[in-house]
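Below is a short report on one model.

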Amino acid sequence: MATISIILPIYNVEQYLERCLNSIMDQTFSDWNAILVNDGSTDNSLEIAERFAAKDSRFVIINKKNGGLSDARNVGMSNSDSEYIMFVDTDDFIHPQTCEIAVALARKTGCDVVTWKKNSHYTNITRLFRFLFNPSEKTLVNMMPRHYKKRYNTERISYFYTENLMPYVTAKLSSQKRPLVKGAYVVRFLFRRDLIKNIPFVKGLKYEDFPWWYEVVLHNPKTAITYLPLYYYFRNRTSITKSINRVDWIIHWCIGLEYLYLKYKTSATQEQMILWSKNVKWCALNKVSRKLGKIGENDIEKASAALRQLIETGIMDDAALINQKRIRDKIFDFAGMGK
């Protein structure tokens, strides 16, 4: 049994996969296995994965019919018997000390979750380079950051530890308050497997990381937060999140919000419900409301139906602040429902 299982869903990522798997091979912590879930790829992704598995038995390939990202992650989790689990998207990659640092902090604090940051400099540089020069995707993929070679002393890693995570999670776009765990991602975390093994991703849902992550938070895991930029996010313009149309975006966010609201309504403490509503729910509803003006006429009824179903759960009944009422009114107006 490996200490860490790194779960990597694979679907038509041949341009990026080798870079990602090399970053796993480069890990300074050696007690890992990488569960490569080939989700019915039709390009050369499987061939690349098989090449790595032939070189290193720590790479384990699971082939399955295409079922989407949630299904692939669920299959990966069900095939792990490790102490910890990490998720990495295969168009991204990680710093060579990611596993070493994460396990060191987990061992030092006895926590259930360790979290770190993405390297914003790398993301911004590749984005700017793409905008200015319109290079080939291969050229961008070959641009490895200098920070990748940086080495840290694990005895001197700064971190924040909490046994009450909810006050530190937020979906706000910007905030100066620290420490915070921003957004809702499944990457950039080390999870104790016992914490998440019975929390499946919602199959077929796009943006599945949003409800999944906040369901994990509902279990109030002991958490160590470090601001080291260990994750290299690459803006893949063909990814699911970049290629989805606006009405499907609205529909899938409504489904995720409804799923999560009902979970919190039945399981959250009063404090958790208040904090989640203030720092997460209304931020997500604001994102939804900002998309409404961009919905085409042919898709208005589909979006309205999704919003009406969401409204009927009572998710917006706690609107008290001016901004919350503005968001609520905009959504109600679009859905054609009275206030």
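How many residues has H10, and what distance does H10 reach from its first C-alpha to its last? H10 has 22 residues and reaches 31 Å, close to the 32 Å expected at 1.5 Å a residue (1.5 Å times one less than the number of residues). Helices are DSSP runs of H or I, at least four residues, numbered from the N terminus.

## Basis

This is a predicted model: local features need pLDDT of at least 70, side-chain atom pairs count only at pLDDT 80 or more, and totals for chains, interfaces and linings use all residues. Residues are numbered from 1 along each chain as its sequence is written, and side-chain values use heavy atoms, without hydrogens and water.

The largest nonpolar core holds 111 residues. Such a core joins buried Ala, Val, Leu, Ile, Met, Phe, Trp, Tyr and Cys through side-chain atoms within 4.5 Å. Ile-4, Phe-87, Trp-212, Trp-213 and Tyr-214 touch the most other members. Helix H10 (residues 246-267) gives the most to this core, with 9 residues.

Buried residues of H10 include Trp-249, Trp-253 and Leu-257 (buried: under 20% relative accessible area, 1.4 Å probe, protein chains only; exposed: over 50%). The buried residues of H10 pack against helices H8 (209-218), H11 (270-291) and H12 (300-311).

Leu-285 lies in helix H11. Leu-285 is buried, because its relative accessible area is 0%.

Phe-133 sits in helix H5 (residues 120-133). With a relative accessible area of 54%, Phe-133 is exposed.

How values were computed:
Helix = DSSP H or I, 4+ residues; strand = E, 2+ residues; numbered from the N terminus. Contact = heavy atoms within 4.5 Å.
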